[in-house]
Amino acid sequence: ALPRQEALRLQSLSMSRALGVRDMRFPAPVVVMRPESVSWQVQRGTRVALLCGATAALTDQQLTKSSAAFKRCPRASALRWCQEMPGNSVMAACLRCETKGEEGQGHGTGPPAKKQKTQQGGGRSIFLRHVLFKHQQLRVMDPAARREGAARSSGEAEAKALQVLQRLHAEPNSFVKLCREHSDCASAEQPGTLAGHMGWVARGEQEPAMEEASFALGLNEFGDLVVTSRGVHLIQRIG
């Protein structure tokens with residue numbers, strides 16, 4: 001190699017330029033580790049946006065406006081931000097900062113809540129209803145499904161679920177209508193206002209993602225998009 005190239009070979013790379021770099025000259029240090037930390041004091045309920053690619057161009061005003069209805073729904077917020085920017089090279093993540101005391105304190109609107117039920121073991125149970133969006137990438141048989149999902153992928157199912165969630169936030173009393181129209185779960189065919197009802201649910205009875213999202217809801221509140229082995233769910237706690 002030329003002297004200049006040989007000199008460059010011996011120079012370490014800073015972390016900001018080390019994405020995808022592998023150390024082929026071990027034990028010589030190719031990547032220099034100089035960790036830095038920054039801290040902020042945030043208020044309860046603050047959302048943190050992690051943006052990459054085209055979404056990094058979104059302004060604070062665009063981020064806030066496009067996800068105003070999803071203040072307690074980080075997954076829906078991130079998906080909405082990705083939809084704001086065209087192209088395939090988009091990525092966004094949303095983190096929501098909560099205190100432990102916020103669990104179960106709802107701000108939603110909806111039908112009159114059912115009375116909370118207490119299990120014999122002393123554990124709390126809640127009453128849920130949901131809209132299910134199945135997709136063709138699912139590999140587990142679902143005996144409670146009423147039809148195969150039209151979505152080809154989990155991403156398509158989430159995009160459809162986001163559209164319905166936006167409508168539910170705008171018209172909370174339209175749940176039964178939208179559930180019968182969009183849900184791929186057999187519960188959507190239950191009579192009257194029972195459409196979509198999952199019944200009383202206690203901890204340990206659902207998949208972890210569903211349990212975490214459900215027990216964080218307040219009465220009548222619509223939850224975030226929840227992905228399980230059955231598909232993508234929109235959930236509402238009504239008791």
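Is Val 42 buried, exposed or partly exposed? Here are my notes on that residue and on some charged pairs.

1. Some ground rules. This is a predicted model, where local features need pLDDT of at least 70, side-chain atom pairs count only at pLDDT 80 or more, and totals for chains, interfaces and linings use all residues. Residues are numbered from 1 along each chain as its sequence is written, and side-chain values use heavy atoms, with hydrogens and water left out.

2. Back to the opening question: Val 42 is partly exposed, with a relative accessible area of 43%. (Buried means under 20% relative accessible area, exposed over 50%, and partly exposed in between, using a 1.4 Å probe and protein chains only.) You'll find Val 42 in the loop between helix H1 (3-9) and strand E1 (47-53). Helices (H or I, at least four residues) and strands (E, at least two) are DSSP runs, numbered from the N terminus.

3. On to charges. Side chains of opposite charge can pair when their charged atoms come close. The structure has 10 salt bridges, each a side-chain nitrogen of Lys or Arg within 4 Å of a carboxyl oxygen of Asp or Glu. One of them joins Glu 84 and Arg 80 at 3.1 Å, N to O. Both sit in helix H3 (residues 74-84), four residues apart, about one turn of the helix. Glu 84 is partly exposed at 30% relative accessibility, while Arg 80 is buried at 18%.

4. Next, Glu 189 and Arg 146 form a salt bridge, with their closest N and O atoms 3.8 Å apart. Glu 189 is in the loop between helix H5 (175-182) and strand E5 (197-202), and Arg 146 in the loop between strand E4 (124-133) and helix H4 (154-170), so the pair ties together parts 43 residues apart in sequence. Glu 189 is exposed at 53%; Arg 146 is partly exposed at 25%.

5. Asp 184 and Arg 147 also pair up, with 2.6 Å between the closest N and O atoms. Asp 184 is buried, at 6% relative accessibility, and Arg 147 is partly exposed, at 35%.
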